[in-house]
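Morning, everyone. I've got one structure to walk you through today, so let me put it up and we'll go through it piece by piece.

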Amino acid sequence: MSWYSHGTRSTNPEFSNRIIDENTQVITDFVDLRKLPEFGILSKQVSDTVHSSSWWDRYGVDWVIHSVAAMCWVASHWLIGSTQPAVHWLGIFVLGCSHYTITFKAAHMLVHDAGCSSKAWNRFWSFISSDVLGCFSADIGYNIHIKCHHPHTNIVGLGDSSTWKAPFLPRYVYMFLAPLLLPALIPLVSIKELIEQEPLWKIVRHVLLSYPGLAFHVYLLMTVSEVTLREALLVIFLSRNVLSIPYIHVNIFQHIGLPMYSQQHRPKKIYQMTTGVLNLPRNIILDYCFGHSIMSCHTEHHLFPRLSDNMCLKVKPLVRRFCLERGLPYHEDTYTSRVAHFLENYNSLMVNAPPITKFVGLQ
Ligand SMILES: [Zn+2]
(Lines give C-alpha, C1' and ligand atoms only; values in the text may rest on other atoms or scores of the structure.)
Protein backbone atom coordinates (compact mmCIF):
# COMPACT_ATOMS: atom_id res chain seq x y z
CA MET A 1 0.00 0.00 0.00
CA SER A 2 1.32 3.42 -0.87
CA TRP A 3 1.39 5.92 2.00
CA TYR A 4 0.90 8.99 -0.08
CA SER A 5 -0.59 8.81 -3.48
CA HIS A 6 1.09 11.90 -4.83
CA GLY A 7 4.71 12.15 -5.77
CA THR A 8 6.37 10.75 -2.68
CA ARG A 9 8.25 7.49 -3.08
CA SER A 10 7.63 5.39 -0.05
CA THR A 11 5.78 2.27 0.91
CA ASN A 12 4.14 1.36 4.14
CA PRO A 13 6.96 -0.36 6.04
CA GLU A 14 6.46 -3.94 7.14
CA PHE A 15 6.62 -2.92 10.80
CA SER A 16 3.70 -0.49 10.49
CA ASN A 17 -0.01 -1.26 10.38
CA ARG A 18 -2.24 1.79 9.93
CA ILE A 19 -5.96 1.66 10.70
CA ILE A 20 -8.32 4.53 9.92
CA ASP A 21 -11.41 5.09 12.09
CA GLU A 22 -14.18 5.86 9.58
CA ASN A 23 -16.13 8.02 12.06
CA THR A 24 -13.37 10.18 13.54
CA GLN A 25 -10.88 9.90 10.65
CA VAL A 26 -8.20 9.33 13.30
CA ILE A 27 -5.41 7.10 12.01
CA THR A 28 -3.87 4.66 14.45
CA ASP A 29 -0.40 3.53 13.42
CA PHE A 30 0.64 0.33 15.17
CA VAL A 31 4.42 0.08 14.91
CA ASP A 32 6.43 -2.98 15.92
CA LEU A 33 9.23 -1.36 17.92
CA ARG A 34 11.40 -4.49 17.73
CA LYS A 35 11.54 -4.11 13.94
CA LEU A 36 11.76 -0.30 13.83
CA PRO A 37 15.32 0.65 12.77
CA GLU A 38 17.26 2.25 15.63
CA PHE A 39 18.19 5.91 15.38
CA GLY A 40 21.40 5.17 17.30
CA ILE A 41 22.77 3.06 14.42
CA LEU A 42 22.23 5.84 11.87
CA SER A 43 23.49 8.44 14.33
CA LYS A 44 26.76 6.51 14.78
CA GLN A 45 27.27 6.29 11.00
CA VAL A 46 26.64 10.04 10.63
CA SER A 47 28.87 11.05 13.55
CA ASP A 48 31.70 8.87 12.13
CA THR A 49 31.36 10.76 8.84
CA VAL A 50 31.39 14.10 10.67
CA HIS A 51 34.50 13.19 12.69
CA SER A 52 36.39 12.12 9.59
CA SER A 53 35.43 15.34 7.75
CA SER A 54 37.68 18.36 7.53
CA TRP A 55 36.83 21.86 8.85
CA TRP A 56 36.39 22.85 5.20
CA ASP A 57 33.58 20.27 4.79
CA ARG A 58 32.00 20.94 8.17
CA TYR A 59 31.99 24.77 8.03
CA GLY A 60 34.35 26.18 5.38
CA VAL A 61 32.21 25.62 2.27
CA ASP A 62 29.24 27.41 3.82
CA TRP A 63 31.43 30.26 5.10
CA VAL A 64 32.62 30.82 1.53
CA ILE A 65 29.00 30.82 0.24
CA HIS A 66 27.91 33.28 2.93
CA SER A 67 30.95 35.53 2.36
CA VAL A 68 30.38 35.59 -1.42
CA ALA A 69 26.72 36.45 -0.71
CA ALA A 70 27.84 39.34 1.54
CA MET A 71 30.13 40.65 -1.22
CA CYS A 72 27.34 40.32 -3.82
CA TRP A 73 25.02 42.18 -1.42
CA VAL A 74 27.44 45.10 -1.30
CA ALA A 75 28.27 45.00 -5.05
CA SER A 76 24.58 44.96 -6.01
CA HIS A 77 24.31 48.61 -4.88
CA TRP A 78 26.57 49.73 -7.74
CA LEU A 79 24.56 47.64 -10.23
CA ILE A 80 21.32 49.20 -8.95
CA GLY A 81 22.83 52.65 -9.56
CA SER A 82 23.37 51.88 -13.26
CA THR A 83 21.47 53.96 -15.82
CA GLN A 84 21.03 50.85 -17.97
CA PRO A 85 17.70 49.18 -17.10
CA ALA A 86 19.04 45.60 -17.54
CA VAL A 87 21.95 46.23 -15.15
CA HIS A 88 19.67 48.05 -12.68
CA TRP A 89 17.23 45.10 -12.56
CA LEU A 90 20.11 42.62 -12.35
CA GLY A 91 21.25 44.58 -9.29
CA ILE A 92 17.83 44.16 -7.64
CA PHE A 93 17.90 40.42 -8.41
CA VAL A 94 21.43 40.03 -6.98
CA LEU A 95 20.48 42.06 -3.90
CA GLY A 96 17.41 39.84 -3.42
CA CYS A 97 19.26 36.53 -3.79
CA SER A 98 22.13 37.59 -1.51
CA HIS A 99 19.60 38.91 1.02
CA TYR A 100 18.02 35.44 1.21
CA THR A 101 21.40 33.69 1.49
CA ILE A 102 22.32 35.88 4.47
CA THR A 103 18.99 36.30 6.25
CA PHE A 104 17.55 32.85 5.58
CA LYS A 105 20.26 30.27 4.75
CA ALA A 106 23.00 31.64 7.03
CA ALA A 107 20.56 32.72 9.75
CA HIS A 108 19.01 29.24 9.76
CA MET A 109 22.39 27.54 10.18
CA LEU A 110 23.46 30.00 12.87
CA VAL A 111 20.30 29.62 14.95
CA HIS A 112 21.05 25.86 14.93
CA ASP A 113 24.63 26.51 16.15
CA ALA A 114 25.72 24.93 12.86
CA GLY A 115 27.68 27.90 11.48
CA CYS A 116 30.85 27.21 13.49
CA SER A 117 31.90 25.31 16.60
CA SER A 118 31.62 28.32 18.94
CA LYS A 119 28.16 28.90 20.43
CA ALA A 120 29.00 32.56 21.14
CA TRP A 121 30.03 33.26 17.55
CA ASN A 122 26.94 31.50 16.19
CA ARG A 123 24.88 33.76 18.45
CA PHE A 124 26.76 36.92 17.42
CA TRP A 125 26.41 36.23 13.69
CA SER A 126 22.77 35.23 14.06
CA PHE A 127 22.00 38.73 15.43
CA ILE A 128 23.82 40.27 12.45
CA SER A 129 22.16 38.10 9.79
CA SER A 130 18.71 37.97 11.31
CA ASP A 131 18.12 41.20 13.29
CA VAL A 132 20.45 43.69 11.60
CA LEU A 133 20.07 42.57 7.97
CA GLY A 134 16.76 40.69 8.01
CA CYS A 135 14.58 42.76 10.40
CA PHE A 136 13.66 39.50 12.12
CA SER A 137 14.47 38.74 15.75
CA ALA A 138 17.00 35.92 16.22
CA ASP A 139 15.40 35.32 19.65
CA ILE A 140 12.02 34.67 18.02
CA GLY A 141 13.68 32.51 15.35
CA TYR A 142 15.16 30.45 18.19
CA ASN A 143 11.82 30.16 20.01
CA ILE A 144 9.79 29.20 16.96
CA HIS A 145 12.31 27.08 15.10
CA ILE A 146 14.61 25.47 17.68
CA LYS A 147 12.33 25.18 20.70
CA CYS A 148 9.11 24.32 18.86
CA HIS A 149 9.37 23.30 15.19
CA HIS A 150 12.30 20.88 15.43
CA PRO A 151 11.51 18.87 18.57
CA HIS A 152 7.77 18.88 17.83
CA THR A 153 7.85 18.32 14.05
CA ASN A 154 4.33 17.36 12.88
CA ILE A 155 2.92 17.22 16.40
CA VAL A 156 -0.58 18.71 16.24
CA GLY A 157 -0.85 22.00 18.14
CA LEU A 158 2.95 22.39 18.41
CA GLY A 159 5.06 21.95 15.27
CA ASP A 160 2.27 21.15 12.80
CA SER A 161 3.08 24.00 10.33
CA SER A 162 -0.37 25.53 10.95
CA THR A 163 1.23 28.98 11.32
CA TRP A 164 1.77 28.89 7.54
CA LYS A 165 -1.94 28.49 6.86
CA ALA A 166 -4.25 31.36 5.86
CA PRO A 167 -7.48 29.46 5.15
CA PHE A 168 -9.41 32.67 4.37
CA LEU A 169 -7.34 33.18 1.21
CA PRO A 170 -8.24 31.50 -2.12
CA ARG A 171 -5.60 29.04 -3.35
CA TYR A 172 -4.05 31.13 -6.12
CA VAL A 173 -3.95 34.24 -3.92
CA TYR A 174 -2.22 32.31 -1.13
CA MET A 175 0.24 30.56 -3.42
CA PHE A 176 1.24 33.43 -5.72
CA LEU A 177 0.11 36.83 -4.39
CA ALA A 178 0.11 36.78 -0.59
CA PRO A 179 3.86 35.90 -0.42
CA LEU A 180 4.56 39.35 -1.89
CA LEU A 181 3.53 40.84 1.47
CA LEU A 182 6.38 39.01 3.23
CA PRO A 183 8.85 41.94 3.27
CA ALA A 184 6.32 43.94 5.31
CA LEU A 185 5.01 41.02 7.36
CA ILE A 186 8.38 39.68 8.57
CA PRO A 187 9.25 42.74 10.76
CA LEU A 188 5.65 42.98 12.04
CA VAL A 189 5.46 39.29 13.01
CA SER A 190 8.82 39.64 14.73
CA ILE A 191 7.65 42.58 16.88
CA LYS A 192 4.30 40.89 17.65
CA GLU A 193 5.99 37.67 18.78
CA LEU A 194 8.57 39.58 20.85
CA ILE A 195 5.80 41.47 22.66
CA GLU A 196 3.97 38.21 23.38
CA GLN A 197 6.96 36.09 24.38
CA GLU A 198 9.92 38.13 25.54
CA PRO A 199 10.89 40.73 28.19
CA LEU A 200 11.09 44.42 27.28
CA TRP A 201 14.90 44.48 27.04
CA LYS A 202 14.87 41.93 24.23
CA ILE A 203 12.32 44.01 22.31
CA VAL A 204 14.53 47.08 22.78
CA ARG A 205 17.61 45.14 21.66
CA HIS A 206 15.82 43.94 18.51
CA VAL A 207 14.63 47.47 17.67
CA LEU A 208 18.13 48.90 18.25
CA LEU A 209 19.66 46.28 15.95
CA SER A 210 17.03 46.11 13.20
CA TYR A 211 15.98 49.65 12.45
CA PRO A 212 19.43 51.27 12.34
CA GLY A 213 20.30 48.26 10.09
CA LEU A 214 17.41 49.11 7.79
CA ALA A 215 18.25 52.83 7.90
CA PHE A 216 21.88 52.04 6.97
CA HIS A 217 20.65 50.01 3.99
CA VAL A 218 18.47 52.93 2.85
CA TYR A 219 21.50 55.24 3.29
CA LEU A 220 23.64 52.89 1.13
CA LEU A 221 21.03 52.88 -1.61
CA MET A 222 20.72 56.67 -1.52
CA THR A 223 24.48 57.33 -1.55
CA VAL A 224 25.97 54.43 -3.57
CA SER A 225 23.03 53.68 -5.91
CA GLU A 226 22.00 57.36 -5.87
CA VAL A 227 18.27 56.73 -5.68
CA THR A 228 15.68 58.79 -3.79
CA LEU A 229 14.27 57.71 -0.42
CA ARG A 230 11.07 56.44 -2.05
CA GLU A 231 13.03 54.51 -4.67
CA ALA A 232 15.29 53.05 -1.98
CA LEU A 233 12.28 51.70 -0.05
CA LEU A 234 10.85 50.32 -3.30
CA VAL A 235 14.16 48.60 -4.14
CA ILE A 236 14.20 46.98 -0.68
CA PHE A 237 10.59 45.82 -1.10
CA LEU A 238 11.20 44.42 -4.61
CA SER A 239 14.51 42.72 -3.78
CA ARG A 240 13.04 41.01 -0.71
CA ASN A 241 10.29 39.68 -2.96
CA VAL A 242 12.68 38.05 -5.44
CA LEU A 243 12.28 34.68 -3.69
CA SER A 244 9.27 35.24 -1.45
CA ILE A 245 7.01 32.93 -3.48
CA PRO A 246 9.36 29.89 -3.34
CA TYR A 247 10.06 30.80 0.32
CA ILE A 248 6.40 30.20 1.20
CA HIS A 249 6.21 27.18 -1.10
CA VAL A 250 9.14 25.26 0.38
CA ASN A 251 7.93 25.99 3.90
CA ILE A 252 4.54 24.39 3.24
CA PHE A 253 5.80 21.59 0.97
CA GLN A 254 8.19 20.17 3.57
CA HIS A 255 5.66 18.89 6.11
CA ILE A 256 2.03 19.66 5.27
CA GLY A 257 0.18 16.61 3.91
CA LEU A 258 2.45 14.17 5.75
CA PRO A 259 1.33 12.44 8.99
CA MET A 260 0.51 14.81 11.89
CA TYR A 261 0.72 13.10 15.26
CA SER A 262 -1.26 13.69 18.43
CA GLN A 263 0.64 15.09 21.42
CA GLN A 264 -0.35 12.11 23.57
CA HIS A 265 0.83 9.53 21.04
CA ARG A 266 4.13 10.81 19.70
CA PRO A 267 6.30 8.57 17.52
CA LYS A 268 9.95 7.68 18.07
CA LYS A 269 12.25 10.36 16.65
CA ILE A 270 13.44 8.36 13.64
CA TYR A 271 9.85 7.56 12.69
CA GLN A 272 8.61 11.11 13.37
CA MET A 273 11.24 12.62 11.07
CA THR A 274 11.18 10.06 8.27
CA THR A 275 7.38 9.98 8.02
CA GLY A 276 6.90 13.73 8.53
CA VAL A 277 9.57 15.41 6.39
CA LEU A 278 9.96 15.75 2.61
CA ASN A 279 13.00 16.54 0.46
CA LEU A 280 12.78 18.64 -2.69
CA PRO A 281 15.28 18.24 -5.56
CA ARG A 282 18.46 20.30 -5.86
CA ASN A 283 18.04 23.71 -7.47
CA ILE A 284 20.90 25.94 -8.56
CA ILE A 285 19.45 29.14 -7.05
CA LEU A 286 17.53 27.81 -4.05
CA ASP A 287 20.42 25.57 -2.90
CA TYR A 288 22.52 28.69 -2.31
CA CYS A 289 19.78 31.07 -1.20
CA PHE A 290 17.83 28.72 1.11
CA GLY A 291 20.43 26.01 1.81
CA HIS A 292 20.53 22.23 1.30
CA SER A 293 19.02 21.68 4.75
CA ILE A 294 15.87 23.43 3.55
CA MET A 295 15.79 22.01 0.03
CA SER A 296 17.21 18.59 -0.85
CA CYS A 297 18.33 17.53 2.66
CA HIS A 298 15.40 18.49 4.86
CA THR A 299 15.02 14.96 6.24
CA GLU A 300 18.75 14.85 7.06
CA HIS A 301 18.42 18.30 8.68
CA HIS A 302 15.55 17.16 10.92
CA LEU A 303 17.44 14.03 11.95
CA PHE A 304 20.74 15.91 12.54
CA PRO A 305 19.93 19.62 13.02
CA ARG A 306 23.45 20.60 14.17
CA LEU A 307 24.98 19.78 10.76
CA SER A 308 25.84 22.59 8.35
CA ASP A 309 24.22 22.70 4.91
CA ASN A 310 27.31 21.19 3.29
CA MET A 311 27.48 18.34 5.82
CA CYS A 312 23.77 17.59 5.29
CA LEU A 313 24.56 17.16 1.61
CA LYS A 314 27.54 14.94 2.46
CA VAL A 315 25.58 12.55 4.72
CA LYS A 316 22.49 12.50 2.48
CA PRO A 317 23.42 9.30 0.51
CA LEU A 318 24.09 7.51 3.80
CA VAL A 319 20.78 8.58 5.38
CA ARG A 320 18.81 7.85 2.20
CA ARG A 321 20.30 4.36 1.90
CA PHE A 322 19.68 3.64 5.60
CA CYS A 323 16.00 4.60 5.27
CA LEU A 324 15.31 2.77 2.02
CA GLU A 325 17.22 -0.41 2.93
CA ARG A 326 15.50 -0.68 6.31
CA GLY A 327 11.97 0.07 5.13
CA LEU A 328 11.68 3.59 6.53
CA PRO A 329 9.93 6.21 4.40
CA TYR A 330 12.14 8.73 2.57
CA HIS A 331 9.87 11.32 1.00
CA GLU A 332 11.07 13.05 -2.15
CA ASP A 333 9.08 15.03 -4.67
CA THR A 334 9.70 17.62 -7.36
CA TYR A 335 8.87 21.30 -6.87
CA THR A 336 6.38 21.40 -9.76
CA SER A 337 4.65 18.23 -8.60
CA ARG A 338 4.22 19.77 -5.12
CA VAL A 339 2.80 22.99 -6.59
CA ALA A 340 0.25 20.97 -8.61
CA HIS A 341 -0.55 18.79 -5.57
CA PHE A 342 -1.15 21.83 -3.33
CA LEU A 343 -3.27 23.64 -5.92
CA GLU A 344 -5.35 20.51 -6.53
CA ASN A 345 -5.81 19.60 -2.87
CA TYR A 346 -5.70 23.09 -1.38
CA ASN A 347 -8.73 22.63 0.89
CA SER A 348 -7.67 19.34 2.43
CA LEU A 349 -4.05 20.50 2.87
CA MET A 350 -4.32 24.20 3.74
CA VAL A 351 -7.89 24.86 4.91
CA ASN A 352 -9.21 21.82 6.77
CA ALA A 353 -7.59 20.52 9.95
CA PRO A 354 -5.17 17.67 9.14
CA PRO A 355 -6.08 14.06 9.97
CA ILE A 356 -4.47 13.04 13.25
CA THR A 357 -2.25 9.96 13.56
CA LYS A 358 -1.87 8.11 16.85
CA PHE A 359 1.43 6.28 17.14
CA VAL A 360 1.15 3.05 19.09
CA GLY A 361 4.45 1.28 19.67
CA LEU A 362 4.17 -2.48 20.05
CA GLN A 363 6.86 -4.13 22.19
ZN1 LIG B 1 15.99 23.98 11.02
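Let me start with helix H11, residues 269–276: seven of its eight residues are buried, so H11 is largely enclosed by the rest of the structure. Keep in mind as we go that this is a predicted model. The buried ones in H11 are Ile270, Tyr271, Gln272, Met273, Thr274, Thr275 and Gly276.

Okay, on to the core. The largest nonpolar core has 64 residues, and those with the most contacts inside it are Val250, Cys289, Phe290 and Val315. Which helix gives this core its largest share? That would be H3, residues 85–111, with twelve residues.

Now, the annotations. UniProt, in an unreviewed entry, lists "domain: Fatty acid desaturase" for residues 86–332. In our model, that stretch is 64% helix and 2% strand, with its end C-alpha atoms 37 Å apart. The UniProt entry, again unreviewed, also has "transmembrane region" over residues 63–80, 87–104, 172–191 and 203–222. I looked at two of those. Residues 63–80 come out as 100% helix and 0% strand, and the end C-alpha atoms are 26 Å apart. Residues 203–222 are also 100% helix and 0% strand, with 28 Å between the end C-alpha atoms.

So, helix packing. Two packed helices are described by the angle between their axes and the distance between the axes.

Pair one is H2, residues 55–80, with H3: the axes come within 8 Å and cross at roughly 150°. That makes H2 roughly antiparallel to H3, since anything over 145 degrees counts that way. The crossing of H2 past H3 is left-handed.

Pair two keeps H3 but brings in H9, residues 229–239. Here the angle is about 60°, and the axes are 8 Å apart. That puts H3 oblique to H9, and H3 passes H9 in a right-handed crossing. If you want to find the contact on screen, look for Ile92, Leu95, Gly96 and His99 on the H3 side, meeting Val235, Leu238 and Ser239 of H9.

From H7 the contact uses Pro187, Ser190, Leu194 and Ile195, and from H8 it uses Lys202, Ile203, His206 and Ser210. This crossing of H7 and H8 is right-handed.

Last stop, Val26. Where does Val26 sit? In the loop between strand E1 (16–20) and E2. With 15 C-beta neighbours inside 10 Å, Val26 counts as partly exposed. Now look at Lys358: Val26 and Lys358 are 332 residues apart along the chain, yet their C-alpha atoms are separated by 7.4 Å. Setting aside residues up to four places away in sequence, Val26 touches Asp21, Ile356 and Lys358.

Okay, that's my tour. Happy to go back to any part of it.

Technical notes: Residues are numbered from 1 along each chain as its sequence is written. This is a predicted model: local features need pLDDT of at least 70, side-chain atom pairs count only at pLDDT 80 or more; totals for chains, interfaces and linings use all residues. A nonpolar core is a set of buried Ala, Val, Leu, Ile, Met, Phe, Trp, Tyr and Cys residues joined through C-beta atoms within 7 Å. A residue is buried if 20 or more other C-beta atoms lie within 10 Å of its own, exposed if 12 or fewer, and partly exposed in between; C-beta atoms are placed from the backbone. Helices (H or I, at least four residues) and strands (E, at least two) are DSSP runs, numbered from the N terminus. UniProt positions are given in the numbering used here, feature names are shortened, and annotations may be inferred rather than shown by experiment. A crossing is left-handed if the near helix is turned anticlockwise from the far one by less than a right angle, and right-handed if clockwise. Two residues are in contact if their C-beta atoms, placed from the backbone, lie within 7 Å. Axes are lines fitted to C-alpha atoms, for helices over the stretch in contact, and angles run from 0 to 180 degrees between N-to-C directions. Angles under 35 degrees count as roughly parallel, over 145 as roughly antiparallel, 65 to 115 as roughly perpendicular and the rest as oblique.
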